[in-house]
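Hi everyone, thanks for coming. I'd like to walk you through a structure I have been looking at, so please have a look at the screen.

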Amino acid sequence: MASRTPSPSVSIDSASSRQPTPIDLSLAETSKEGLVVTACEKGDLPTLVHLATSTHGLVSDRLRRTAWPILLACKATDEDKVSWKDLPAHREEGQVGLDVNRAFVYYPKYNSEKELDRRKHELSNVILEVLRRHPALSYFQGYHDIVQVFYLVLGTNAAPQAAARLSLLRIRDFMLSSLDPAIAQLELLRPLLREADPVLYEHLPKSSATFALAGTITMFAHNIQEYRNITRLFDFFLARHAIMPLYFFAAVVLSRREELLEIDKEEEDILHVMLSKLPEPFDIEFHIARSVELFERLPPGSLGSWEWWRISSSSVLKSSATLADMQRLTLDDGERLFTQQEKEVHWQQYQKKVVRQAMRSIKHAKLRLWYYRRYGAVGLAIVVGAYALWLGKNGGLDFSRYSIFGYQGDLIRHFIGA
């Protein structure tokens, strides 16, 4: 693969004002640093993927500032010269402000409110730049958790471009006008768990897998409280298939097999709570390795399930899922795929609306039919009986003499064959 030169703004050796969390590296991590540097300098993607997946990942934020943009295929040509502040406001900027105000809860720790406020302001600017430059994107609660990690690692200059490519090419399904494509992704947990562990699958709730939503939609940035763990996990997610957060969730569920089986399967509320939280203590390396093993043994296309078949061909899982896809696709490609997928979402919503209306009409028709069958038949019997008694007293069936009966007379004549 052709060599890729890192952007000057994310050079490994450049000074940084990003305040990465200080971490003492182990001997193994220190020795791995040189391998990551060499892979970045050579643009050696296969080696970089291996290093991002293996123990300790990309080791440090200093290295991630070069490696992440390479994995996301950030290019200088993607940068827009127009200031984002001059662009129209995005429709969901109010919600962005509310969410950013709750940011930086677990990491990093700041010494003053002034410093924290500055960080929140800078994080907000990163998110707003992405949304204003790509106004079709729909913001979702939890998006700020993802961008917070990008901001802390890459800084205010490089984070917007990386977050834009992530948004349009890796998590696009979550940023459409409807969450239906996101829910469709969650439904893939069913065939995956069914194949991986049939006994556990039968024990788990069969209702919608919304217990996995918070984790998968935020790449677990909403769930993991240790900065070192979340950056390590992002190394893995950015280097692998776009479906990997779902496989990571499945790996967590499978690792809690005995604990989940001890809970009565009728206690669905308790199972939902258990499934929506990560176990403590949490071994990040173990679950990453388990995710890789699960993906290699049961890739999504091998499941032969309805859930995988119904995933749109425009979904990130089928159009921009791999690292090779990321290297060839531009932001314009992401915009085009977004538009195509949005049309599909609108068409599906229209179909659902038509079906709901049709079902309501059928239900109404059944009720009317039941009403007339119940009361119409009884009423007709009473009329026929009364008419027969009257005719018996007056002797004769000359309907022409009693035209007052009109339609009822014709109806009775039809029944008695007169």
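What share of the 418 residues in the chain is buried? Buried residues make up 50% of them. Before I go on, please keep in mind that this is a predicted model.

Let me start with the overall picture. The chain has 20 helices and zero strands. If you take the contacts with a separation of 6 or more, 77% of them come from residues 24 or more positions apart.

Now to helix 4, which spans residues 93-100. Which of its residues are buried? They are Glu 93, Val 96, Asp 99 and Val 100. Looking down the axis of helix 4, you would find these buried residues within an arc of 120°, so they line one face of the helix. On the face turned away from that buried side, Gly 94 and Leu 98 are exposed. As for what covers the buried residues of helix 4, the cover includes helix 5, residues 113-133, and helix 6.

The structure holds 18 aromatic pairs. In one of them, the rings of Phe 104 and Tyr 110 have centres 5.9 Å apart and planes at 85°, so this pair is edge-to-face. Phe 104 is buried, with a relative accessible area of 7%, and Tyr 110 counts as buried too, at 16%. Phe 104 also pairs with Tyr 151: here the ring centres are 6.2 Å apart and the planes are at 70°, so again the pair is edge-to-face. Tyr 151 is buried, as is Phe 104.

Is Gln 148 buried or exposed? Its relative accessibility is 4%, so Gln 148 counts as buried. What does its side chain reach? The Gln 148 side chain comes to 3.2 Å from the backbone nitrogen of Phe 104. Setting aside neighbours within four places in sequence, Gln 148 is in contact with Ala 103, Phe 104, Tyr 107 and Leu 123.

Tyr 201 has two charged residues to look at. The charged end of Arg 194 sits over the Tyr 201 ring, 5.5 Å from its centre. Lys 206 lies over the face of Tyr 201 as well, at 4.7 Å from the ring centre.

There is also a phenylalanine cluster, in which ring pairs link Phe 211, Phe 220, Phe 236, Phe 237, Phe 248, Phe 249 and Phe 282.

A word on annotation: the unreviewed UniProt entry places a "transmembrane region" at residues 237-255 and at 369-390. In the model, residues 237-255 are 79% helix and 0% strand, with the end C-alpha atoms 19 Å apart.

My last stop is helix 14, residues 268-276, where Leu 271, Met 274 and Leu 275 are buried. Down the axis of helix 14, its buried residues fall within an arc of 95°, so they line one face of the helix. What covers them? Their cover includes helix 9 (198-203), helix 12 (244-255) and helix 13 (257-261).

That's my tour, and I'm happy to take questions.

Terms used:
Residues are numbered from 1 along each chain as its sequence is written. This is a predicted model: local features need pLDDT of at least 70, side-chain atom pairs count only at pLDDT 80 or more; totals for chains, interfaces and linings use all residues. Side-chain values use heavy atoms; hydrogens and water are left out. Buried means under 20% relative accessible area, exposed over 50%, partly exposed in between (1.4 Å probe, protein chains only). A polar contact is a pair of N or O atoms within 3.5 Å; within protein, one must be able to donate a hydrogen and the other to accept it, and residues adjacent in sequence count only if both atoms are side-chain atoms. Contact means heavy atoms within 4.5 Å. UniProt positions are given in the numbering used here, feature names are shortened, and annotations may be inferred rather than shown by experiment. Helices (H or I, at least four residues) and strands (E, at least two) are DSSP runs, numbered from the N terminus. The arc is that of the directions from the helix axis to the C-beta atoms. Rings of Phe, Tyr and Trp (its six-membered ring) pair if their centres lie within 6.5 Å; planes under 30 degrees apart count as stacked, over 60 as edge-to-face and the rest as tilted. A charge sits over a ring if NZ of Lys or CZ of Arg is within 6 Å of the ring centre and within 35 degrees of the ring normal.
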